Amino acid sequence: MAEMGSKGVTAGKIASNVQKKLTRAQEKVLQKLGKADETKDEQFEQCVQNFNKQLTEGTRLQKDLRTYLASVKAMHEASKKLNECLQEVYEPDWPGRDEASKIAENNDLLWMDYHQKLVDQALLTMDTYLGQFPDIKSRIAKRGRKLVDYDSARHHYESLQTAKKKDEAKIAKAEEELVKAQKVFEEMNVDLQEELPSLWNSRVGFYVNTFQSIAGLEENFHKEMSKLNQNLNDVLVSLEKQQGSSTFTVKAQPRKKTKLFSRLRRKKNSDNTPAKGNKSPSPPPDGSPAATPDITVNHEPEPAGGAAPGATLPKSPSQTSLPAVVVETFSATVNGTVEGSSTAGRLDLPPGFMFKVQAQHDYTATDTDELQLKAGDVVLVIPFPNPEEQDEGWLMGVKESDWNQHKELEKCRGVFPENFTERVQ
């Protein structure tokens with residue numbers, strides 16, 4: 001009997017739920033057709049919009065934070081392997097071996113500590129913050145259903161009151177159902193009306209705390225990592241001093257040496273026939289075809305209001321023989337001026353000036369068209385007369401000291417290996 005009673009209650013509850021769903025469906029259809037009015041609350045709808053926006057932003061932040069943590073872990077693994085490689089190549093009789101090993105160990109611990117603190121102070125806080133949204137979202141949906149029940153009960157009660165033949169018993173029952181539906185709806189509505197604005201306002205403090213935690217952790221991490229890197233540098237400097245005779249020498253990339261001034265030489269030889277044995281480059285004077293920079297690279301149509309006819313700028317490093325650093329600056333250079341640069345049009349700089357570099361190592365020229373460099377020399381980088389004549393890893397320029405003294409580009413310019421220099425401006 002108890003089992004039958006239990007089944008009866010369950011069956012009755014199922015039937016009641018089915019009936020509620022049918023009634024709600026009918027009410028929504030009538031509301032959409034305009035045959036029944038719908039209770040509206042614009043202030044609450046705005047709160048729901050804010051809630052959905054906040055949930056979307058929080059979910060995205062959680063996703064990006066997890067991606068950031070995955071990147072930190074990947075960098076940790078890469079750093080660990082790099083340090084393992086250093087320990088393997090560090091020979092037993094070299095000074096500082098134990099110090100290098102200890103630095104590698106501390107490096108590994110620092111990465112692990114950084115990752116764990118990010119999880120504790122950012123990710124877990126993020127998960128807690130988002131953990132409150134599912135329950136509120138469920139209650140918003142339930143409030144919507146209870147609002148439909150309230151509207152349906154109200155319409156049913158009103159229809160019985162306006163009927164020609166009034167049934168007082170049915171009216172009384174309908175009124176009872178209306179009061180019950182209204183009470184359930186209003187209780188849920190009041191709670192959400194208080195919680196949603198409070199949740200919306202809390203987002204500011206949460207975002208501030210989250211990003212402050214991340215920024216603070218990252219700042220401390222880099223400070224400690226900087227100390228370790230300085231210690232490792234000191235160990236390697238000590239090793240270099242002991243093994244000074246076998247110091248690694250920076251070398252320039254090989255050149256074809258058949259391009260830059262070859263055409264100029266042929267033209268000079270055919271026009272003036274210089275003395276035999278004179279190998280110095282003698283470019284034609286400014287204004288001649290060989291001395292005029294040809295910056296037509298891709299033969300693209302001229303942009304509206306852009307450079308002068310025949311001066312088409314390169315699209316990307318992949319479409320020209322220029323190195324990326326040269327293309328980046330050269331693409332903004334037209335007729336010897338650099339757009340957006342305070343040096344554009346200045347008479348104290350060579351035509352087409354792009355940027356400055358400083359020699360980090362001495363370089364001994366091996367051909368007449370190359371610059372002889374000493375560490376510390378500043379070079380004014382300019383475009384090649386013909387970009388197709390540029391070898392990979394080489395730049396053209398004039399030493400700043402030579403330019404300030406002579407102001408003659410033809411006598412001072414030359415090529416030099418890019419990896420012997422560092423950009424300073």
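D391 counts as buried, at 6% relative accessibility. The model described here is predicted. D391 lies in the loop that connects β4 (378–382) with β5 (394–399). Its C-alpha atom is separated by 8.5 Å from that of P254, although the two residues are 137 residues apart along the chain.

Strand β3 covers residues 355–359 and is mostly covered, with four of its five residues buried. β3 also pairs with strand β7 (residues 421–423), again in the antiparallel sense, over three bridges. Here A359 has T421 of β7 as its bridge partner.

Helix α2 spans residues 42–89 and helix α5 spans residues 168–242; they pack at an angle of about 15 degrees, and their axes are 10 Å apart. Because of that angle, α2 is roughly parallel to α5, as angles under 35 degrees are counted that way. The crossing of α2 past α5 is left-handed. The residues of this contact comprise 18 nonpolar, six polar and four charged ones.

N107 belongs to another helix, α3 (residues 97–131). Which residues does N107 touch, not counting those up to four places away in sequence? They are S79, N83, M225 and L228. Of these, S79 and N83 fall within the residue range of α2, and M225 and L228 within that of α5. N107 is buried, with a relative accessible area of 6%; the value is under 20%, so the residue meets the cut-off for buried.

**Residue K407**

K407 is found in the loop between α8 (400–406) and α9 (409–412). Its phi is near 55 degrees, which is a positive value in a residue other than glycine. Is K407 buried, partly exposed or exposed? At 39% relative accessibility, K407 counts as partly exposed, because the value lies between the cut-offs of 20% and 50%.

| Residue | Relative accessibility | Class |
|---|---|---|
| N107 | 6% | buried |
| D391 | 6% | buried |
| K407 | 39% | partly exposed |

Conventions:
Residues are numbered from 1 along each chain as its sequence is written. This is a predicted model: local features need pLDDT of at least 70, side-chain atom pairs count only at pLDDT 80 or more; totals for chains, interfaces and linings use all residues. Side-chain values use heavy atoms; hydrogens and water are left out. Axes are lines fitted to C-alpha atoms, for helices over the stretch in contact, and angles run from 0 to 180 degrees between N-to-C directions. Helices (H or I, at least four residues) and strands (E, at least two) are DSSP runs, numbered from the N terminus. Angles under 35 degrees count as roughly parallel, over 145 as roughly antiparallel, 65 to 115 as roughly perpendicular and the rest as oblique. A crossing is left-handed if the near helix is turned anticlockwise from the far one by less than a right angle, and right-handed if clockwise. Ala, Val, Leu, Ile, Met, Phe, Trp, Tyr, Cys and Pro count as nonpolar, Asp, Glu, Lys and Arg as charged, and the others, Gly among them, as polar. Buried means under 20% relative accessible area, exposed over 50%, partly exposed in between (1.4 Å probe, protein chains only). Contact means heavy atoms within 4.5 Å. Two strands pair if DSSP finds at least two bridges between them.
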